[in-house]
Amino acid sequence: SSERCSTMPPKRKRAVSKANASSTAKARRAREDALADAQGDLASDEDSEAPVAAEEEEEDFFETPDEKRVRLAKEYLTNMGDTRTPEQIQDQLTKQKKTKFSVSNLTLGEPRFLKGHKMAATCVCLNSDEGTMYTGGKDCALIRWDVETGKKDVFPGGRNRFECGGHFEKVLSLCLLEQRGLLVSAGVDRVVRLWDPRSPAKSSCIASLHGHSKDTTALVPDLGEEQFYSGSADKSLKIWDVGSRRCMETLLGHVGAVSSLDLLNKGRPLSGSEDKTVRFWKVDKGTHLMFTRHTYAVDAVCISDQDRFVSGGQDGRLMLWSSTSKKPLATSSLGDGKWVASLSAIKQANVFFSGSVDGALRSWRFGRDEEGEQKGLQLFEAAEPIMAPGCINQIAVGKRLIACAVGKEHKFGRWFYDKKEKNGVLLVPLSYKEG
């Protein structure tokens, strides 16, 4: 019995091993059959796709080099359109529109004066069709004008009238956010106010934004009108978001009151200040360029094109700048005591306009003197000056019209006050050809 017990396990092992071997063989045969079927399927698929591949090769064979270039170009453009966002496409279109041009045959028509404000008019802006304009003045009021008829609607405001629904101190700046349906105003009361420009006369402002600690002296909308910038006597610039109606960022750098602002490209405001400097800001990079050649306060700045901008100061000097040079490209002087109070340019062109305390609206063209010996750019008078009945505190340039805010005194003080002068708006017809 002991021998039988010792010999039983080997017999059982052999039986188990035979069963395992037979199952393994069956699995191997099944796998081989499956592979054979798969290869057959692949072969049949290849056979079915072969005519298609042959047709494509045949089409490529008969395609001329020119047709191939056109096809590849279309595929490239299709891929570009798929990968770019709508914002990138819009930016590209905007850049394509910004082509510089030279102005020729500049003509200023017969001026027309509209009397309106009880005190000096300090600021003016035009809407896109140039049928309506808006002005602000030292009488704390805003006025909406019909350019053709001269009819006006007055929005509320009054000195120390805190519950009037408008400014209770002098208005110093305006800007129109036409796409957003908003008019923005600011002044000595340090409050940035938003208005509905289409509302009836005597309507109150729809929002009041607080942030500056001193007089708010300048406003300019950003490209796209999602934001706007303000400058103040507290030496700062602030970026305001239109949607949330909040201050998004404060730009510091000036060591004197900010007096003027302008902007052409998104996130690139230009500012002038009592610290005698002009600063070109790059908001996304958190940096700015500083230009220091004026000997007195800079009261006005404007941008002509992507590369060049102009500044004017209480030294009576005009300076044309490039962001690539610390020295001005060209300069001109109006003379002692003839402060430059305002500047505005035909965008993307080589012509701009200056207003001064002597009441002269001057037209300027920058270019090279082909006949003279002097090299580099120079400033030339583009047309005969137009005389206004007072200090020209701000200029708005349209396609066919120039609007000037005129007052008996300078917008920042009572210098050069002359009671014989008038307060209101000077309208000058404008015509030119794009070279």
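Mentor: A residue is called buried when its relative accessible area is under 20%, exposed when over 50%, and partly exposed in between, using a 1.4 Å probe and protein chains only. Arg-144 has a relative accessible area of 12%, so Arg-144 is buried. This is a predicted model, in which local features need pLDDT of at least 70, side-chain atom pairs count only at pLDDT 80 or more, and totals for chains, interfaces and linings use all residues. Residues are numbered from 1 along each chain as its sequence is written, and side-chain values use heavy atoms, with hydrogens and water left out.

Trainee: With which residue does Arg-144 form a salt bridge?

Mentor: A salt bridge is a side-chain nitrogen of Lys or Arg within 4 Å of a carboxyl oxygen of Asp or Glu. Arg-144 has Asp-153 as its partner, and the closest N and O atoms are 2.9 Å apart. Asp-153 is partly exposed, at a relative accessible area of 23%.

Trainee: How many salt bridges does a search of the whole structure find?

Mentor: The search finds 13. One of them joins the side chains of Glu-409 and Lys-138, at 2.9 Å from N to O. Glu-409 lies in the loop between S28 and S29, and Lys-138 in the loop between strand S4 (132-137) and strand S5 (142-146), so the pair ties together parts that are 271 residues apart in sequence. Strands are DSSP runs of E with at least two residues, numbered from the N terminus.

Trainee: Is Glu-409 buried or exposed?

Mentor: Glu-409 is buried, with a relative accessible area of 6%. Lys-138 is buried as well.

Trainee: Which residues does Glu-409 touch?

Mentor: Contact means heavy atoms within 4.5 Å. Leaving out residues up to four places away in sequence, Glu-409 touches Ala-120, Lys-138, Cys-391, Asn-393, Arg-414, Trp-415 and Tyr-417. Arg-414 also forms a salt bridge with Glu-409, with the closest N and O atoms 3.0 Å apart. Arg-414 is exposed, at a relative accessible area of 58%. Salt bridges that share partners join Lys-138, Glu-409 and Arg-414 into one network.

Trainee: Now the sheets. What is the strand order in the open sheet that contains S19?

Mentor: Strands of a sheet pair through backbone hydrogen bonds, either parallel or antiparallel. Two strands count as paired if DSSP finds at least two bridges between them. This open sheet of four strands has the order S19-S20-S21-S22, and its pairing is antiparallel. Strand S19 (298-303) and strand S22 (330-333) stand at the edges with a single partner strand each, so one side of each has no neighbour in the sheet.

Trainee: Which residues stand opposite each other in these strands?

Mentor: S19 and strand S20 (residues 308-313) pair over five bridges, and Val-301 stands opposite Ser-311 in S20. S20 and S21 are also joined by five bridges, with Phe-309 opposite Trp-321 in S21. Their hairpin has three residues between the strands, and Gly-316 there takes a positive phi near 75°. Four bridges join S21 to S22, where Thr-331 is the bridge partner of Met-319.

Trainee: How many residues of strand S21 are buried?

Mentor: Five of the six residues of strand S21 (residues 317-322) are buried, so S21 is largely enclosed by the rest of the structure.
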